[in-house]
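Please read it with the structure open.

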Amino acid sequence: MEVVIVDRPELVMADIIAEAIEGGASTLGLATGSSPLATYTELIRRHRENGLSFAGVDAVLLDEYVGLPPTHPESYARFIRDNFTDHIDIGTVHSPDGMAPDFKAAAEAYDALIGRLGPVDVQILGIGSNGHIGFNEPSSSLTSRTRIKTLTEKTRQDNARFFDSFDEVPMHVITQGLGTICDAERLALVATGEGKADAIAAAVEGPLSASCPASILQWHRHATVVIDPAAASKLA
Ligand code: F6R
């Protein structure tokens, strides 16, 4: 695992993605939430000003809230369109179906789709304050595949800022599993701010353990953690 500490993580993240695209990558794995927003803004800028093209690239999202249709303002399908993919020339953007009548079948179908499109060339990741990646909350199996998960109260509190009230934050999500995520050729995790410092310390320097799902990056053959000094502040 490589750890890069820089004032502007989004520039390093954008370099990783741009290099992969220019090197022929055909599948990008996208995270939502606040952490990758600056990276997406920088990639949109490079697309507009430097001609970085995503033509021929498809994208797969990590996760989706159960019960939110892709038109819902807080659905991750909508979030990624509004904040990234509608502003570039990328191909199809796939996301787990949060409205599926049968979540087990939908999860299996999503893993099969990733298998057909993949391997994902670069999977962008954020990290939850409790160490989750995707929505693999602590104690998730390290080999898990896409499936339905219950959010912890902590994660629902962290994400309440996107909703009108805590009660509106869905209880369940459909998320790529840790095994699914680790099928990607490269993992690039971005985190900023002191609020992520404990999770980063556990992920980078703690034991490889389901207690901190992001510690799985220690095991992956090509994982890069790109953080600012505040997120790095609890590293030894
Ligand atoms: C979202 C996702 C989550 C977030 C994490 C951090 O698609 O997979 O793991 O990356 O909850 O969220 P932010 O960046 O909003 O702090």
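This is a predicted model: local features need pLDDT of at least 70, side-chain atom pairs count only at pLDDT 80 or more; totals for chains, interfaces and linings use all residues.

1. UniProt, in an unreviewed entry, places the feature "domain: Glucosamine/galactosamine-6-phosphate isomerase" at residues 14-222. Over that range the chain is 32% helix and 15% strand. The end C-alpha atoms of the range are 17 Å apart.

2. The seven-stranded sheet. Seven strands form an open sheet in the order E1-E10-E9-E6-E2-E3-E5. The pairing is parallel. Strand E1 (2-5) and strand E5 (93-94) stand at the edges. Each has a single partner strand, so one side of each is left without a neighbour in the sheet.

3. Strand E2 within that sheet. E2 and strand E3 (residues 58-61) run parallel and are joined by four bridges. Thr 27 has Asp 58 in E3 as its bridge partner, and Gly 29 stands opposite Val 60 in E3. Which way do the residues of E2 point, and are they buried or exposed? Thr 27 and Gly 29 point one way, Leu 28 and Leu 30 the other, and all are buried.

4. Helix H1, geometry. H1 covers residues 9-22, which makes 14 residues. From its first C-alpha to its last it reaches 20 Å, close to the 20 Å expected at 1.5 Å a residue. Just after H1, Gly 24 takes a positive phi of about 100°.

5. Helix H1, its two sides. Pro 9, Glu 10, Met 13, Ala 14, Ile 17 and Ile 21 are buried. Seen down the axis of H1, these buried residues fall within an arc of 125°, so they line one face of the helix. Glu 19 and Glu 22, on the other side of H1, are exposed. Note that Glu 10 is on the buried list, in contrast to the exposed Glu 19 and Glu 22.

6. H1 lies across E1, E2, E6, E9 and E10. It runs at about 150° to E10. What covers its buried residues? The cover includes strand E2 (27-30), strand E6 (122-125), strand E9 (186-191) and strand E10 (223-227). Helix H2 (37-50) also contributes.

7. The three-stranded sheet. Three strands form an open sheet in the order E4-E8-E7, with antiparallel pairing. Strand E4 (63-65) and strand E7 (147-150) stand at the edges. Each has a single partner strand, so one side of each has no neighbour in the sheet. The twist averages 30° from one strand to the next.

8. Three bridges join E4 to strand E8 (residues 172-175). Tyr 65 stands opposite Val 173 in E8. Four bridges join E7 to E8. Here Arg 147 stands opposite Thr 175 in E8. Both pairings can be checked directly in the viewer. As a reminder, strands of a sheet pair through backbone hydrogen bonds, either parallel or antiparallel.

9. Thr 71. Where does Thr 71 sit? Its place is in the loop between E4 and helix H3 (76-83). Is Thr 71 buried or exposed? Thr 71 has 8 C-beta neighbours inside 10 Å, so it counts as exposed; the cut-off for exposed is 12 or fewer. Thr 71 and Gly 134 are 63 residues apart along the chain. Their C-alpha atoms are separated by 21 Å.

Notes
Residues are numbered from 1 along each chain as its sequence is written. Two strands pair if DSSP finds at least two bridges between them. Axes are lines fitted to C-alpha atoms, for helices over the stretch in contact, and angles run from 0 to 180 degrees between N-to-C directions. The expected span of a helix is 1.5 Å times one less than its number of residues. A residue is buried if 20 or more other C-beta atoms lie within 10 Å of its own, exposed if 12 or fewer, and partly exposed in between; C-beta atoms are placed from the backbone. The arc is that of the directions from the helix axis to the C-beta atoms. Two residues are in contact if their C-beta atoms, placed from the backbone, lie within 7 Å. UniProt positions are given in the numbering used here, feature names are shortened, and annotations may be inferred rather than shown by experiment.
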